[in-house]
Amino acid sequence: MSAHLVIAIDGPAASGKSSVARVLARRLGYVYVNTGAMYRAVTWHVIGSHLDPSHSDAVLSLLESTRIACEIEAQESVVRINGVDPGAELQGEQVNRAVSTIATIPEVRRQLVAMQRAYGEKADSVMEGRDIGSAVFPETPYKFYIDASPEVRAQRRAKQGLQDSILQRDKVDTSRRMSPLVIAEDAHVIDSSHLTVDGVVGEIVGRLKLKGLLAADF
Ligand code: CDP
């Protein structure tokens, strides 16, 4: 068990998890932790080092000489690679293309999962990703899985003006050997296809009231 509460929000690419997790964390006064950003930061560093993301040995030896710092600033997680916050470059097209390959490497996952668990020792958090409820914090009673139809997800990503083959990423994420994207048995599933961010947050808050985490008049 972690020292602090963790609300786990998992789901496929562009399902709206990030917006929902950030708004929910603000409403609750919890820290917002974006675990996808950690996999993206490692990917950004691999690309910047001109390595092939599918060469796991080369990726791992790069990581041996890399300082990955996961911190909290303004109630949100921040990842720094050798002291640098990659910022908007985390959403770049090259990172989109390679991140799921990097996320299949078991040793990369082990290192990043340890850092994600460390957040659970520091503060109450809303943590979003692919395996938070199933593998990182399986003991948390607060698990949500946010989905949306493939069409809606593709539209959402296109609206951000980004090239992202989300179906290809979903395929790799659901079929990898170590902690693939799955719906945890005890997760509450929300289809956000026809809901606003506030609508999804409202549903989660309602559920947290039923579970006794929040007062009825929250
Ligand atoms: O925001 P979006 O849904 O596009 O993706 P993200 O949350 O930034 O995650 C990017 C990629 O990182 C995913 O496609 C997964 O390959 C990987 N990831 C993971 O394997 N496990 C996590 N807990 C979070 C992300």
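Predicted model: local features only at pLDDT ≥ 70, side-chain atom pairs only at ≥ 80, totals over all residues.
## Close-ups

View 1. Residues are numbered from 1 along each chain as its sequence is written, and side-chain values use heavy atoms, with hydrogens and water left out. Ala14 is found in the loop between strand 1 (6–10) and helix 1 (17–28); helices (H or I, at least four residues) and strands (E, at least two) are DSSP runs, numbered from the N terminus. Its phi is near 60 degrees, a positive value in a residue other than glycine.

**View 2. The hairpin of strand 3 and strand 4.** Look for Cys70, whose bridge partner in strand 4 is Val79. Two residues sit between the strands, and Ala74 in the turn has a positive phi of about 50 degrees. Gln75 also has a positive phi, about 65 degrees, although it is not a glycine. With 41% relative accessibility, Gln75 counts as partly exposed.

**View 3. Strand 2 alongside strand 5.** In a regular strand, side chains alternate between the two faces of the sheet. Strand 2 (residues 31–34) has Val31 and Val33 pointing one way and Tyr32 and Asn34 the other way, and all are buried. Strand 2 pairs with strand 5 (residues 125–129) in the parallel sense, over four bridges. Across that pairing, Asn34 has Glu128 as its bridge partner in strand 5.

**View 4. The largest pocket.** About 1000 Å³ of space lies in the largest pocket. Of the 46 residues that line this pocket, Ser18, Tyr32, Asn34, Gln91 and Glu128 are the closest to its centre. On a 1 Å grid over the protein atoms alone, a pocket is an open set of points with protein on both sides within 12 Å along at least five of seven lines; a cavity is a set where a 1.4 Å probe fits but cannot get out, and lining residues have an atom within 4 Å of a point. Grid points are joined across faces, edges and corners, and a volume is the space filled by probe spheres set on the points. The pocket lining divides into 17 nonpolar, 15 polar and 14 charged residues. For those classes, Ala, Val, Leu, Ile, Met, Phe, Trp, Tyr, Cys and Pro count as nonpolar, Asp, Glu, Lys and Arg as charged, and the others, Gly among them, as polar.

**View 5. The largest cavity.** Searching the whole structure turns up one cavity of 30 Å³ or more. About 30 Å³ of space lies in the largest cavity. Its lining is made of Asp10, Gly133, Lys143, Phe144, Tyr145, Val182, Ile183, Ala184 and Ala187. Strand 6 (residues 143–147) gives the most to this lining, with three residues. By class, the cavity lining has six nonpolar, one polar and two charged residues.

**View 6. Helix 5 and Val136.** Val113 sits in helix 5 (residues 106–122), and is buried, with a relative accessible area of 10%. Its C-alpha atom is separated by 6.3 Å from that of Val136, 23 residues apart along the chain. Ala114 lies in helix 5 too, but counts as partly exposed, at 47% relative accessibility. C-alpha to C-alpha, Ala114 and Val136 are 8.5 Å apart in space and 22 residues apart in sequence.

**View 7. Lys122 over the ring of Tyr119.** The charged end of Lys122 sits 4.9 Å from the centre of the Tyr119 ring; sitting over a ring requires NZ of Lys or CZ of Arg within 6 Å of the ring centre and within 35 degrees of the ring normal.

View 8. Asn96 is found in helix 4 (residues 93–102) and counts as buried, at 4% relative accessibility. Asn96 and Ser165 are 69 residues apart in sequence, yet 7.7 Å apart in space, C-alpha to C-alpha. Ile105, in the loop between helix 4 and helix 5, is buried at 6% relative accessibility. The C-alpha atoms of Ile105 and His55 are separated by 9.6 Å, with the two residues 50 apart along the chain.

Methods. Buried < 20%, exposed > 50% of the residue type's maximum accessible area, 1.4 Å probe, protein only. Pairing = 2+ DSSP bridges.
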